[in-house]
Amino acid sequence: MPRKPIDVTVPALAGKRAVVTGASDGIGLGLAARLAAAGAEVLLPVRNPRKGEAALTTIRETAPDADVSLRELDLSSLDSVDALGETLHQEGRPIHLLINNAGVMTPPDRQTTADGFELQLGTNHLGHFALVAHLLPLLRAGHARVTSQVSVAANRGAINWDDLNWERSYDGMKAYSQSKIAFGLFGLELDRRSQAHGWGITSNLSHPGVAPTSLLAARPEVGRAKDTMGVRLIRALSARGIIVGTVETAKLPALYAATSPDARRGGFYGPRGPGHMGGPPGEQKLYSRLRGAEEARRVWQISEELTKASFPDS
């Protein structure tokens, strides 16, 4: 049975500058395309220039007048994050929307970033933490909304405080859950600190549910030579309209969280279907693992220590 169309309304974004990480394919590409179609100037910070150019072509096929451009970024390298921050500061333009969407998932073997962090912690959380720190003056100038993409995996597992980098033992899914819990705690703490210190930005969270994206597909760069059984099952269910979403619907919670005038600061948005795996987007009850303000402050402090990136007190 054909799916009923699911969509959200995106307000006019002319005059707004938006940054979307992980926009060279999948959900991120869909987000960038919708923001560009609504009139925003959209920056795609990418690690792979070839994939980035292909993404620009795809966006311009549906929105020929789109104002889209590439910047260089490898979230697994703090030097690369710093370089992007310097580039955008030199451009001197306020940023009005930031969607922290990029991520890696469950490398079969433990890998590390250029700075020695476990790959998922370093890319999914620490890289984005440092990016927001570098861009904070531009985000403040644009009274920005920051939307950080977590995962249903943030509803299980825990932060492995005694071995954050999984050096003593490695479990890919547990490490992935940890990275998304830490990232979600950061996104909520960012909003609390913005209110406390008058930064003038708002921050909320989204998750895409479950959809056949590239996260679990063959990705030689993370040591996965072929598609996982999980992604094959998800593709089959998605094609039949059973429980899970599609790549098209999976982008909608972040799109709503980032652009809707009804999306609130500190809110959590995801699919409203069974198990929150698919369906139309809406606000959801915050996962229990993301509710602890003290744990969020601990994540913040450790992230500052690990990345050497700092935020002002005012």
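This report describes one predicted protein chain, from its overall make-up down to a few single residues.

## Ground rules

The model is predicted, so local features need pLDDT of at least 70 and side-chain atom pairs count only at pLDDT 80 or more, while totals for chains, interfaces and linings use all residues. Residues are numbered from 1 along each chain as its sequence is written, and side-chain values use heavy atoms, with hydrogens and water left out.

## The whole chain

The chain has 9 helices and 8 strands. Both are DSSP runs, numbered from the N terminus: helices are H or I with at least four residues, strands are E with at least two. Of the 314 residues, 54% are buried. Buried means under 20% relative accessible area, exposed means over 50%, and partly exposed lies in between (1.4 Å probe, protein chains only).

A contact means heavy atoms within 4.5 Å. Take the contacts between residues at least 6 apart in sequence: 73% of them join residues at least 24 apart.

## Helix H4

H4 covers residues 119-141. Of its 23 residues, 19 are buried.

Glutamate 118 caps the N-terminal end of H4. One of its side-chain oxygens lies 3.1 Å from the backbone nitrogen of glutamine 120. Further along, H4 has a kink of about 60° at leucine 135, shortly before proline 137. Such a bend is the angle between axes fitted to the seven residues ending there and the seven starting there.

Most residues other than glycine have a negative phi. Histidine 143 has a positive phi of about 45°. Histidine 143 counts as exposed because its relative accessibility is 62%.

Tryptophan 166 also has a positive phi, near 55°. Its place is the loop between E5 and helix H5 (172-197). Is tryptophan 166 buried or exposed? At 7% relative accessibility, tryptophan 166 counts as buried.

## Aspartate 191

Aspartate 191 lies in helix H5. It counts as buried because its relative accessibility is 3%. A polar atom of its side chain lies 2.9 Å from the backbone nitrogen of serine 203.

Which residues does aspartate 191 contact, leaving aside neighbours within four places in sequence? They are Ile201, Thr202, Ser203, Arg265 and Gly266.

Technical notes: A polar contact is a pair of N or O atoms within 3.5 Å; within protein, one must be able to donate a hydrogen and the other to accept it, and residues adjacent in sequence count only if both atoms are side-chain atoms.
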